[in-house]
Amino acid sequence: MAHPVQTHGEPGLRLAGLRGVAADFSSDQRAFKTASWGKAMMWIFLLSDTFVFGCFLIAYMTARMSTPVPWPNPSEVFALHIGGQDVPLILIAIMTFVLISSSGTMAMAVNFGYRRERRMTAVLMLLTALLGATFVGMQAFEWTKLITEGVRPWENPWGAAQFGSTFFMITGFHGTHVTIGVIFLLIIARKVWRGDFDVERRGFFTSRKGRYEAVEIMGLYWHFVDLVWVFIFAFFYLW
């Protein structure tokens with residue numbers, strides 16, 4: 001049975017119970033009044049991804065603390081031989097700097113996007129993608145170096161066998177996220193450069209009109225990827 005309700009200052013009718021919920025969802029209303037569907041769905045995705053990365057890090061810490069075999073020293077494992085001496089964690093420090101810098105360029109891209117400065121937004125997104133690709137390239141170099149030194153998911157020359165499996169699992173999963181982010185940064189940057197969001201051109205896979213909000217949603221994903229790396233850097237490389 002319908003009963004009158006107040007909706008945005010105007011009286012209206014709303015069905016009671018589950019029929020009312022179904023009517024709201026089918027009437028093209030936003031379930032989240034202060035956020036778009038795109039933002040809401042991205043936040044839900046990031047929340048679920050937080051649980052996945054959290055499980056991986058907890059599994060890593062459990063394996064590290066429970067093994068009776070000494071854990072490899074990250075300062076030795078991830079050192080680079082430069083100028084006749086081993087420099088500990090130098091590559092990891094550069095990777096971290098590159099990824100954190102990309103978070104800054106992404107934030108500026110979002111700012112220029114809401115100002116509708118199309119070219120600056122696209123340039124900053126392309127710069128963010130370049131920094132992300134640089135990070136993935138350095139990670140590929142790191143993997144290649146460790147594999148040539150004998151690191152495998154089931155063994156390594158320095159200590160506990162679990163080191164290889166946890167390293168490849170966590171950094172590989174994160175690297176996949178960065179790679180996917182780079183691809184979507186290029187896609188969104190192309191749309192911005194062409195002016196798709198200025199004329200609200202509909203997307204190829206969707207009938208929804210394109211808006212600069214897509215830049216902000218992309219920024220949410222990218223900042224999340226950067227934040228996850230901070231935890232990986234702290235728990236895996238510095239511990």
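Which residues line the second largest pocket? Thr50, Phe53, Gly54, Leu57, Ile58, Met61, Phe224, Leu227, Val228, Phe231 and Phe235 form that lining, where a pocket is an open set of points on a 1 Å grid over the protein atoms alone, with protein on both sides within 12 Å along at least five of seven lines, and where lining residues have an atom within 4 Å of a point. The model is predicted, and for this reason local features need a pLDDT of at least 70 and side-chain atom pairs count only at pLDDT 80 or more, whereas totals for chains, interfaces and linings use all residues. Residues are numbered from 1 along each chain as its sequence is written, and side-chain values use heavy atoms, with hydrogens and water left out.

**Confidence**

The protein chain averages a pLDDT (the predictor's confidence in each residue, from 0 to 100) of 86, and 83% of the residues score at least 70. Confidence is lowest in strand S1 (residues 2-7), with a mean of 44, and highest in helix H5 (residues 118-148), at 96; helices (H or I, at least four residues) and strands (E, at least two) are DSSP runs numbered from the N terminus. Over residues 1-11 the pLDDT is below 50, and this stretch has 19 contacts in the model beyond near neighbours in sequence, a contact being heavy atoms within 4.5 Å. Where pLDDT is low, the predicted coordinates should not be read in detail.

**Pocket and cavity**

The elements that give two or more residues to the lining of the second largest pocket are helix H2 (37-66) and helix H7 (213-238). One cavity of 30 Å³ or more is counted, a cavity being a set of grid points where a 1.4 Å probe fits but cannot get out. Volumes are the space filled by probe spheres set on the points, which are joined across faces, edges and corners.

| Space | Volume | Largest share of lining |
|---|---|---|
| Second largest pocket | About 190 Å³ | H2, six residues |
| Largest cavity | About 50 Å³ | H5, three residues |

Around the largest cavity lie Val77, Phe78, Leu80, Leu91, Ile92, Glu142, Lys145 and Leu146, of which six are nonpolar, none polar and two charged. Helix H4 (90-114) and H5 each supply at least two residues of this cavity lining.

**Helices and buried positions**

H4 has 25 residues and reaches 37 Å from its first C-alpha to its last, close to the expected 36 Å, the expected span being 1.5 Å times one less than the number of residues. H4 is followed by Arg116, whose phi is positive, near 60°.

Leaving aside neighbours within four places in sequence, Thr121 is in contact with Ala109, Phe112, Gly113, Val192 and Val215.

Gly181, found in helix H6 (residues 162-194), is also buried, with a relative accessible area of 0%. Not counting residues up to four places away in sequence, Gly181 touches Met218, Tyr221 and Trp222. Gly181 and Thr128 are 53 residues apart in sequence, and their C-alpha atoms are 9.8 Å apart in space.

Notes:
Ala, Val, Leu, Ile, Met, Phe, Trp, Tyr, Cys and Pro count as nonpolar, Asp, Glu, Lys and Arg as charged, and the others, Gly among them, as polar. Buried means under 20% relative accessible area, exposed over 50%, partly exposed in between (1.4 Å probe, protein chains only).
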